[in-house]
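The sequence and the model come first.

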Amino acid sequence: VNKSIFEVYFTIPEAIRAEFGKDEVLLTEHVQKISGLDALYKAPEADVQKFMGTSRSYLKPTVGDTHADLEVEFSLNLRNGTDNYILKLFRAWAALGYDINTGSRTLKKDYCAQWLKVSIANREGDIFQEIVFKDVMINGPLTGGISDLEYAADDALNLTVKFRSDWWDDKLA
């Protein structure tokens, strides 16, 4: 199993589909890395009950939180030399939760994407695990992007976006 053989596919919220729908499929091409998949492996932790100087261990009946917090790093490119389309798409998506320019807000049904899918494959490209996160929302500020500029820098800019999903389907081959 290699950690570099994967793809991430996206849907975007319906509220921004008219403006950014053509870029939805391009998001996959800009993914550099994804983290937070360890949410799939949550299990109850042990606890201790004391009685007359003895300890008895048992598993807690819950796993605490049951959501997945994902973090995806995207490369940034300019379309036609001036269109920073990846950054614009995620700024518009983040503004659905709260638009810092106008103070407007929307309901969860409007700021969630239907799904985000992670496909993990072997060296021949056979998918052995596919995780489909449902009702995906942006979770917190966009980081990277154009936050710092420096004359001596020569590296390309990336954008990191945090997502949250409360439920998912995890299919193993």
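In which sense do strands β3 and β4 pair, and over how many bridges? Strand β3 (residues 46-51) pairs with β4 in the antiparallel sense, over six bridges. Two strands pair if DSSP finds at least two bridges between them. Helices (H or I, at least four residues) and strands (E, at least two) are DSSP runs, numbered from the N terminus.

The model is predicted: local features need pLDDT of at least 70 and side-chain atom pairs count only at pLDDT 80 or more, while totals for chains, interfaces and linings use all residues. Residues are numbered from 1 along each chain as its sequence is written, and side-chain values use heavy atoms, with hydrogens and water left out.

**The β3-β4 hairpin**

Thr-54 in β4 is the bridge partner of Phe-51. The hairpin has two residues between the strands, and Met-52 takes a positive phi near 50° there.

**Salt bridges**

A search of the whole structure finds 12 salt bridges, a salt bridge being a side-chain nitrogen of Lys or Arg within 4 Å of a carboxyl oxygen of Asp or Glu. Among them are the following.

| Pair | N to O distance |
|---|---|
| Asp-23 and Arg-79 | 2.7 Å |
| Lys-88 and Asp-83 | 3.0 Å |
| Asp-110 and Lys-109 | 3.1 Å |

Asp-23 and Arg-79 form a salt bridge. This pair links distant parts of the chain, 56 residues apart: Asp-23 is in the loop between α1 (14-20) and α2 (27-30), and Arg-79 is in the loop between β5 (68-75) and α3 (85-97). Asp-23 counts as buried, at 2% relative accessibility.

In the second pair, Asp-83 counts as buried at 18% relative accessibility, whereas Lys-88 counts as partly exposed at 42%. In the third, Asp-110 is partly exposed, with a relative accessible area of 23%, and Lys-109 is exposed at 64%. Salt bridges that share partners join Asp-23, Arg-79, Asp-83 and Lys-88 into one network.

**Ser-119**

Ser-119 sits in strand β6 (residues 113-121). Ser-119 is buried, with a relative accessible area of 5%. Its side chain and that of Glu-130 are joined by a polar contact of 3.3 Å. A polar contact is a pair of N or O atoms within 3.5 Å; within protein, one must be able to donate a hydrogen and the other to accept it, and residues adjacent in sequence count only if both atoms are side-chain atoms.

Leaving aside neighbours within four places in sequence, Ser-119 is in contact (heavy atoms within 4.5 Å) with Ile-5, Phe-6, Glu-7, Tyr-9, Ile-127, Gln-129 and Glu-130.

Methods: Buried means under 20% relative accessible area, exposed over 50%, partly exposed in between (1.4 Å probe, protein chains only).
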